[in-house]
Amino acid sequence: MPVNIYHWRENSIVHILENRQYTGGTVNGKSTTVSYKVHKKIEKSQEDYQVIPNTQEAIISENTWLRVQELRKNKRRNTATGRRSLFSGLVYCADCGSKLHFCASKSLKKNQEFWRCSSYKDGRGTCTIHFIRDVVLEAIVKEAISELADFVRCYNSAFLYLISEKKGAESVNREKSLRAKTESAKQRISDLDKLFSRIYEDNILGKLSDERYSRMANEYEAEQKRLISEVEENEKTLI
Ligand SMILES: [Zn+2]
């Protein structure tokens, strides 16, 4: 069977996989403009998107979508032999932080397949080789998992305590970022007031047509309304 009988383009598939709306929500606020006079579009970062859940029927579950994003972050390269390691896309250099590349070739037996730092570049790069065989890595990971399992079996309550500590630290970080987001939303609310009076003045002075004024005023008002309810929601969570 031909590989791509429906002629799907790679970009179209990426777009489908990354589209959060298939989880049944609506995503707003992906971009903004410099000002009402300068229409240059500025893409916002994904953390600043406004996601409204359950606005339409979901095609895939939220958890499946999140898992897809996680897998796409750790893309796995195919080796020339088509062989892959269990750890493909998940191993990083401890010295320089680059990915380690999995090396498998026809001349290498399974137990000779190895990893090396992607910044090594056969000695011409910025890092040393950091050579480790795949079977050795597998043995190290197996040992670490069995040690952890032993620890959980023997010190169950201590393990639960450590996990709750970790979760506590995560929730402190979440709170911190929510606080920062709320502050910047408040700032934007007050900026919108100023922008509003500016377009009002421009309209009175004849610099801005009525039609344009009313479109922009509606946009500012809608954004401000959305931000006010976002701030209210966040403040309820933060109390
Ligand atoms: Zn390195």
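Colleague: How much space lies in the second largest pocket?

Modeller: Bearing in mind that this is a predicted model, the second largest pocket holds about 690 Å³ of space. It is lined by 19 residues, and those closest to its centre are Glu18, Arg20, Gln46, Tyr49 and Trp65.

Colleague: Which helices supply at least two residues of that lining?

Modeller: Both α1, which covers 10-18, and α2, which covers 62-73, supply at least two residues each, and the largest share of the lining of the second largest pocket, six residues, comes from α2.

Colleague: And how do the residues of that lining divide by class?

Modeller: The lining of the second largest pocket has eight charged residues, six nonpolar ones and five polar ones.

Colleague: OK, now the largest pocket. How much space is in there, roughly?

Modeller: The largest pocket contains about 920 Å³ of space. Its lining is made up of 29 residues, and Gly29, Lys44, Glu223, Arg226 and Leu227 are the ones nearest its centre. Two or more lining residues come from each of β2 (31-33), β4 (50-52), α4 (156-204) and α5 (210-238).

Colleague: Which element gives the largest share of it?

Modeller: That is α5, with ten residues of the lining of the largest pocket. Sorted by class, the lining of the largest pocket comprises eleven charged, ten nonpolar and eight polar residues.

Colleague: Going back a step, what domains is the protein divided into?

Modeller: The division gives domain 1 at 1-73, domain 2 at 77-154 and domain 3 at 156-239. Taken over C-alpha atoms, the centres of domain 1 and domain 2 are separated by 32 Å.

Colleague: Switching topic: what are the protein donors of the zinc ion?

Modeller: The zinc ion has the SG atoms of Cys93, Cys96, Cys117 and Cys127 as its protein donors, at 2.3 to 2.4 Å from the ion. Along the chain, these donors follow the spacing C-x2-C-x20-C-x9-C. Cysteine 93 lies in the loop between α2 and β5 while cysteine 117 belongs to strand β6, so this pair ties together parts that are 24 residues apart in sequence.

Colleague: What arrangement do the four donor atoms make?

Modeller: It is tetrahedral, because the angles that the four donor atoms subtend around the zinc ion run from 97 to 115°.

Colleague: You mentioned β6. In what order do the strands of its sheet come?

Modeller: The order is β5-β6-β7, three strands in an open sheet with antiparallel pairing. β5 (100-103) and β7 (132-133) stand at the edges with a single partner strand each, so one side of each is left without a neighbour in the sheet.

Colleague: How many bridges are there between β5 and β6?

Modeller: Strand β6, residues 114-117, pairs with β5 over four bridges, whereas β6 and β7 pair over two bridges.

Definitions and conventions
Residues numbered from 1 in each chain as written. Predicted model: local features only at pLDDT ≥ 70, side-chain atom pairs only at ≥ 80, totals over all residues. Heavy atoms only, no water. Pairing = 2+ DSSP bridges. 1 Å grid on protein atoms, 1.4 Å probe; cavity = no way out; pocket = protein on both sides within 12 Å on 5 of 7 lines; lining within 4 Å. Points joined across faces, edges and corners; volume = space filled by probe spheres on them. Nonpolar A, V, L, I, M, F, W, Y, C, P; charged D, E, K, R; others polar. Domains from an automatic or database assignment. Donors = N, O, S within 2.8 Å, 3.2 Å for Na, K, Ca; no water. Tetrahedral: all angles 85-135°; square planar, octahedral: opposite > 155°, others 65-115°.
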